[in-house]
Amino acid sequence: MLQTTIANTASAEGVGLHTGVFGHIRLVPAPADAGIVFRRVDLDNFAIEAEGHNVARVSYATSLMKQGVLLSTTEHLLAAIYSYGIDNIYIDIDSIEVPILDGSAEPFLQMLEQAGIRKLRRRRRYLKVLRPLEVVEGDRRIGIYPAEEFRVRCYVDFPHPLVGQQEVEMLVSPQTFRHLLARARTFCFERDIEPLRSMGLIRGGSLENAIVLTSDGVMNGPLRFPDEFGRHKALDLIGDLALAGLPLLARVEAHKAGHALHTQLVSRLLADRSLWTVTTGEFAPPEAKIEAPSLAPVAAAD
Ligand SMILES: [Zn+2]
């Protein structure tokens with residue numbers, strides 16, 4: 001398996017969900033081993049790597065910070081890049097927050113599909129989890145476990161007639177991400193809008209970029225999936241797991257978790273070198289397993 005980048009550039013623009021600041025992003029091909037790197041083009045191309053050690057405050061969105069330079073709401077874009085199998089990419093941005101666009105990852109996935117994938121002449125490196133790690137806070141928990149592929153299971157439980165208990169379990173691939181998660185939008189409860197506004201959040205929020213749940217229904221339907229909320233939480237989870245910095249070979253289970261627990265898991269995982277190893281492909285990836293029989297030597301007619 002070779003490392004990848006995108007073949008061409010792709011651009012988008014829009015407001016940030018929390019800051020309301022209008023900005024532009026441009027996805028740019030990057031060389032092998034560059035990783036996923038944001039570049040603040042408004043600050044002399046200041047680079048912020050999408051890696052666990054750059055995680056800043058995390059509440060209603062995941063923000064990165066390096067040497068005092070902040071970049072907010074990275075999760076939907078990172079979910080698309082990570083699931084699509086892009087190892088190396090520059091994300092040029094001229095503002096403090098990634099545009100929210102329609103509140104899902106679909107516009108970012110479309111950008112990647114337009115840009116296309118280019119293989120690089122360097123082996124892909126995976127972060128392979130060797131031992132389990134769990135983070136628990138009250139009835140919220142998240143765990144990461146050894147596996148030969150990247151799987152997530154995400155369980156949510158909100159006391160609302162349209163949400164309730166929802167669970168998503170899947171192997172993460174470009175295809176499953178496109179069909180199961182990419183279109184699921186961010187959401188908020190109507191009763192939380194004023195408190196969030198008074199905290200200086202969701203200044204760019206609107207009925208065009210978030211589902212708003214009223215006490216017994218949805219203000220701006222229809223939903224894209226009956227369980228759009230659980231699917232969106234799984235999307236958020238994958239976007240935060242991208243901060244591992246390499247594609248994961250692991251199974252992740254999140255139970256009523258959120259950005260804070262997701263990023264804590266990534267930080268603790270990266271900090272404990274006994275929990276994982278970096279591998280370049282001695283293992284058989286799922287595609288190779290399927291092809292294996294045809295590669296087997298033909299029995300000699302003896
Ligand atoms: Zn989200």
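Here is a short tour, one selection at a time.

Before you click, know that this is a predicted model: local features need pLDDT of at least 70, side-chain atom pairs count only at pLDDT 80 or more, and totals for chains, interfaces and linings use all residues. Residues are numbered from 1 along each chain as its sequence is written, and side-chain values use heavy atoms, with hydrogens and water left out.

**Stop 1: a sheet**

Helices (H or I, at least four residues) and strands (E, at least two) are DSSP runs, numbered from the N terminus. Two strands pair if DSSP finds at least two bridges between them. Now select β2, β3, β9, β4 and β5, which in that order make an open sheet of five strands with mixed pairing. Which strands sit at the edges? They are β2 (10-15) and β5 (46-49), each pairing on one side only. On average, neighbouring strands in this sheet are turned by 25° against each other, ignoring direction; the axes behind that angle are lines fitted to C-alpha atoms.

Zoom in on β2 and β3 (residues 22-29): they pair in the antiparallel sense over six bridges. Pick S11 and you'll find R26 of β3 standing opposite.

**Stop 2**

Most residues other than glycine have a negative phi, and most peptide bonds are trans. Select T73, in the loop between β8 (69-71) and α1 (75-83). T73 isn't a glycine, yet its phi is positive, about 55°. Is T73 buried or exposed? T73 counts as buried because its relative accessibility is 5% (buried means under 20% relative accessible area, exposed over 50%, partly exposed in between, with a 1.4 Å probe and protein chains only).

Next, jump to I202, in the loop between α4 (190-198) and β17. I202 has a positive phi of about 45° without being a glycine, and at 9% relative accessibility I202 counts as buried.

Then go to P222, in the loop between β17 (211-213) and α5 (228-241). A cis peptide bond, with omega about 0°, joins G221 to P222.

**Stop 3: a cavity**

A cavity is a set of points on a 1 Å grid over the protein atoms alone where a 1.4 Å probe fits but cannot get out, and lining residues have an atom within 4 Å of a point. How much space lies in the largest cavity? About 40 Å³, where a volume is the space filled by probe spheres set on the points. The structure holds one cavity of 30 Å³ or more.

Notes: On a 1 Å grid over the protein atoms alone, a cavity is a set of points where a 1.4 Å probe fits but cannot get out, and a pocket is an open set with protein on both sides within 12 Å along at least five of seven lines; lining residues have an atom within 4 Å of a point. Axes are lines fitted to C-alpha atoms, for helices over the stretch in contact, and angles run from 0 to 180 degrees between N-to-C directions.
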